[in-house]
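Me: I would like to go through the structure below with you, one topic at a time. Please answer in plain sentences.

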Amino acid sequence: MSIDFLQAAAPGVRRLAPYEPGKSAEVVERELGIRESIKLASNENPLGPSALARQAAVEALDELGRYPDGGAFALKQALAARFQVAQNQLTIGAGSSDLLRLVVQSFVTPGAEVIVSQYAFAMYAIYACAVDAELRVVPAQNWGHDLPAMAEAVSPATRVLFIANPNNPTGTWVGHQALVDLLDRVPRHVIVVLDEAYAEYVSVADYPDGIALTREYPNLVVTRTFSKAYGLAALRIGYSISHPQVADLMNRIREPFNGNSVALSAALAALGDAQHIERSRQANAAGMAQVAQALEAMQLQSIPSIGNFLAIETPSQAAPYYEALLRRGVIVRPLGGYGMPRHLRVTVGTADENSRFIEALRAVCAQIR
Ligand SMILES: *Cc1c(COP(=O)(O)O)cnc(C)c1O
């Protein structure tokens, strides 16, 4: 007799649909029999990592036979100095996704409530669902988080509230005062996660200083990553800054060596290379302007974004545009899974990649219309 593993699975896991990552160039080229495709589907830094980070990663290869420093002392010391926080406020994650999961596992029991915004980054709902939480999805306003409505949705059963700033896939953000107003309203037993995966790219004036706010709001957890502006997506390394007691809880269930030694070394070096971040920021601003200008010329709408990506509204259903772009070797991200069937998310690439994307999109628009 065979076992029905679906029936045997935890209820929350059973209900989950698998996360669909952006397609890699390798996969697309194999599937479509094409060459020289470009991937603008996962919000990676087109410049890649700092040369110093790469060098540090290479040097770390000499110690592959040893377990990494499970306490991540050197990286924590550098992060603590950079952000003027205590080392016991830091938790290291295998990417910031790991930290999002650690928060949920630390605070959410089956039936407890987790609040997210409509169109929010998909991993929040996946982790909440996996532990059989009640997900409260608060309708978006102009594609962005409606913070007053999210605060209103808090109930005695609420344990965690997620805010992505900026949000992926929309690129929308919340300003300082709106965030403070929410934090003032939310009871202290509710953990507010402020996901700042793109913080290094942001230049808007009223962008909240989430890390500074952790001093006033002990229930605030800020998550950051080395996957995006730092260009280290493959290594899986991120960190959170929180109240020490929250960090202690997250560290209790953390896989002891979740920050691997290559990643720890590279992240430390990356953190020290301010020039590379500045170059990346400037390249992104120029690329964003390049893409935005082209979209305007094509009379295509997009959602204003402060990240390194843009959600573009297609003239009709986005799926055929996505497929046609793929056949031209340009990989973007369809957003049907997010309930945005008329949008495509494109990552700002190098100037050449952006030009290729724009040309391909122009051709596809002419073809489909
Ligand atoms: C990419 C992303 C992350 C996490 O990526 P990691 O590689 O796991 O650090 C988290 N939040 C948002 C909003 C993202 O776009």
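Me: Is E278 buried, partly exposed or exposed?

Reply: E278 counts as partly exposed, because its relative accessibility is 31% and that class runs between the limits of 20% and 50%. Please keep in mind that this is a predicted model.

Me: Understood. Which residue forms a salt bridge with E278?

Reply: The partner of E278 is R281, with 3.1 Å between the closest N and O atoms. R281 is also partly exposed, at a relative accessible area of 28%.

Me: How far apart are E278 and R281 in helix α13?

Reply: They are three residues apart in helix α13 (residues 274-297), which means that about one helical turn separates E278 and R281.

Me: And how many salt bridges does the count come to?

Reply: The count comes to 10 salt bridges. One of them joins the side chains of E113 and R136, at 3.1 Å from N to O. That pair links distant parts of the chain, since E113 belongs to strand β3 (residues 113-117) and R136 to strand β4 (residues 134-138), 23 residues apart.

Me: Is E113 buried or exposed?

Reply: E113 is buried, with a relative accessibility of 9%. R136, by contrast, has a relative accessible area of 32% and is partly exposed.

Me: What about D248, which residue does it bridge to?

Reply: D248 forms a salt bridge with R252, and their closest N and O atoms are 2.8 Å apart. Both residues lie in helix α11 (residues 244-253), four residues apart, or about one turn of the helix. D248 is partly exposed at 37% relative accessibility, whereas R252 is exposed at 60%.

Me: Now the strands. How many residues of strand β13 are buried?

Reply: Five of the five residues of β13 (residues 343-347) are buried, so the strand is largely enclosed by the rest of the structure.

Me: Which residues lie on each side of β13?

Reply: H343, R345 and T347 are on one side, and L344 and V346 are on the other; all are buried, so both faces are covered. In general, side chains in a regular strand alternate between the two faces of the sheet.

Me: Which strand do five bridges join to β13?

Reply: Strand β10 (residues 309-313) is joined to β13 by five bridges, and the two run antiparallel. Within that pairing, A311 stands opposite R345. Strand β12 (residues 333-334) also pairs with β13 in the antiparallel sense, over two bridges. There the bridge partner of R333 is R345.

Me: On to the open spaces. What volume does the largest pocket have?

Reply: The volume of the largest pocket is about 730 Å³. Its lining has 28 residues, and those nearest its centre are Y19, E20, A122, G337 and Y338. The elements that give two or more residues to this lining are β3, α7 (122-130), β4 and β12. Of these, α7 gives the most, with four residues.

Me: How many residues of that lining are nonpolar, polar and charged?

Reply: The lining of the largest pocket divides into 19 nonpolar, five polar and four charged residues.

Me: And the second largest pocket, what is its volume?

Reply: The second largest pocket has a volume of about 480 Å³. It is lined by 26 residues, with Y19, S42, S97, F121 and K228 closest to its centre. Helices α6 (96-107) and α7 each supply at least two residues of that lining. By type, the lining holds 10 nonpolar, nine polar and seven charged residues.

Me: Last one: how many cavities of 30 Å³ or more does the structure hold?

Reply: It holds one. The largest cavity has a volume of about 30 Å³, and its lining consists of N45, P46, L47, S280, A283, N284, V348 and G349. Four of the lining residues are nonpolar, four are polar and none is charged.

Technical notes:
Residues are numbered from 1 along each chain as its sequence is written. This is a predicted model: local features need pLDDT of at least 70, side-chain atom pairs count only at pLDDT 80 or more; totals for chains, interfaces and linings use all residues. Side-chain values use heavy atoms; hydrogens and water are left out. A salt bridge is a side-chain nitrogen of Lys or Arg within 4 Å of a carboxyl oxygen of Asp or Glu. Buried means under 20% relative accessible area, exposed over 50%, partly exposed in between (1.4 Å probe, protein chains only). Two strands pair if DSSP finds at least two bridges between them. On a 1 Å grid over the protein atoms alone, a cavity is a set of points where a 1.4 Å probe fits but cannot get out, and a pocket is an open set with protein on both sides within 12 Å along at least five of seven lines; lining residues have an atom within 4 Å of a point. Grid points are joined across faces, edges and corners, and a volume is the space filled by probe spheres set on the points. Ala, Val, Leu, Ile, Met, Phe, Trp, Tyr, Cys and Pro count as nonpolar, Asp, Glu, Lys and Arg as charged, and the others, Gly among them, as polar.
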